[in-house]
Amino acid sequence: MTRLREALSGLAEEAPLVSLADAAIAGHRRRRRATMAATTVATVAALVASAAVATVVWPRRAYPAAPQSTDTVADLPDGKVGAVQYGYKTPCDVSADQQVINCRVQEWRVVTRAGTTYRVRQALVTTRKGDRVPIAISRDGRMLAYYSREAQAHVVRDLVTGAVTTSPFKVKEEQIQIGSQLVVSDDGRYVGFDPRVGSKRDTGLLIDVRTGKTVPIPDKFEVISIKGGVAELVRYAKTDMWLMPVTGGGKRVRFDGAFIGFSEIAPDGRTLVAYDHKDYRNKRQLLTVLDAKTGRIVRKVPIRGLPKDGGFHDASIWQGPSEVLILSEGKKAGTYAVDVETGKARHVADCDSGRKDTLILPGADGK
């Protein structure tokens with residue numbers, strides 16, 4: 001999920017629809033700290049994404065100064081642990097007056113479908129320069145991808161079988177920058193890695209973690225998903241989509257308008273959903289159904305049944321022929337399946353908001 005952060009930045013750079021201030025969507029997919037504000041458009045919602053489907057960053061809030069030493073969460077063990085329902089990064093410790101006092105305690109964690117939480121100590125959280133390093137979870141919650149400082153490469157773990165694959169393609173830690181993205185394919189064979197989404201100089205790669213072979217991701221395109229041997233790529237602002245085989249090739253489709261927060265391709269193989277940038281900026285709870293082959297708008301669907309106190313975030317994986325998963329946050333965070341014919345939202349699961357800084361959903365782009 002998201003796709004939104006760099007999307008809005010791209011809108012401002014290439015075809016400004018609004019000022020940078022107007023583009024700020026408060027509390028949505030906060031990807032960067034206040035120190036990064038000068039180089040980003042806004043705090044916005046990724047779970048995308050990309051991919052892989054919705055990675056969502058939580059707004060800054062008053063976290064209690066809870067000492068980490070009392071935390072009894074176990075390390076992710078070797079072997080089989082079962083599929084996970086989401087992952088998250090813990091926040092920095094803060095003082096009673098909300099001043100950051102310790103960010104070294106930050107770590108990635110995953111929560112299994114059985115409800116067990118594990119620390120993923122193998123996954124790098126931030127680079128030595130302080131840039132965030134993402135993780136990614138496959139659509140079925142089975143594959144976990146992360147960057148290992150020890151291996152200087154990406155690692156994919158099959159949490160159901162316990163198999164571990166370390167990519168032979170080396171990535172230097174300093175290559176990972178602000179706005180880095182990671183997406184993992186359903187079978188765990190490919191990861192989409194972008195050192196800095198939207199950068200013309202540091203373009204992304206589709207990496208075969210078994211062979212180490214790479215295919216470049218076209219300039220300014222972002223990976224939404226990798227499945228069935230095809231990577232779904234989106235370029236914002238214009239807006240273009242590219243269904244690129246993992247071996248390269250394919251062609252672009254230009255959408256009629258500016259859209260953000262893309263889902264993967266629907267089960268019909270023809271459509272997908274996204275948010276019209278203007279609708280989203282004006283907080284209209286509307287999904288736009290798009291024709292993935294022609295780029296035309298099929299229809300707009302008002303969303304019904306989300307919590308009144310909650311915002312809404314990237315569309316992501318499909319729950320069936322007509323329902324797409326989105327995330328809503330407010331006093332409680334939860335996932336909802338929205339019927340793209342009727343707009344009715346059906347509650348799927350809650351995601352405990354607790355002491356979390358970043359929430360990663362299966363199938364979402366890890367940013």
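Predicted model: local features only at pLDDT ≥ 70, side-chain atom pairs only at ≥ 80, totals over all residues.
Start with strand β10, which covers residues 153-158. This strand is mostly covered: six of its six residues are buried.

Strand β10 has partners. One is strand β9, residues 143-148. Six bridges join β9 to β10, and the two run antiparallel. Another is strand β11, residues 164-166. Here three bridges make the link, and the strands again run antiparallel. Val156 shows both pairings. In β10, Val156 is the bridge partner of Ala145. Val156 also stands opposite Thr165 in β11.

## Two hairpins

Now look at the turns. β9 and β10 form a hairpin with four residues between them. Gln152 sits in that turn and has a positive phi of about 55 degrees.

β10 and β11 also form a hairpin, with five residues between them. In this turn, Gly162 has a positive phi of about 90 degrees.

Take β24 as an example. This strand pairs with β25, residues 323-329, over two bridges. The sense is antiparallel. Gly311 has Glu329 in β25 as its bridge partner.

## Gln285: a loop residue

Gln285 lies in the loop between α3 (277-281) and β22 (286-291). Is Gln285 buried, exposed or partly exposed? Its relative accessibility is 27%, so Gln285 counts as partly exposed. The value falls between the 20% limit for buried and the 50% limit for exposed.

Gln285 and Gly343 are 58 residues apart in sequence. In space, their C-alpha atoms are 9.7 Å apart.

## Leu287: a strand residue

Leu287 is found in strand β22. Its relative accessibility is 1%, so Leu287 counts as buried. The cut-off for buried is under 20%.

Which residues does Leu287 touch, leaving out those up to four places away in sequence? They are Val273, Ala274, Tyr275, Arg299, Lys300, Val301, Ile303, Val324, Val338 and Val340. One of them, Val324, has a number that falls within the 323-329 range of β25.

Phe262 is 25 residues from Leu287 along the chain. Their C-alpha atoms are separated by 10.0 Å.

Key:
Residues numbered from 1 in each chain as written. Heavy atoms only, no water. Pairing = 2+ DSSP bridges. Buried < 20%, exposed > 50% of the residue type's maximum accessible area, 1.4 Å probe, protein only. Contact = heavy atoms within 4.5 Å.
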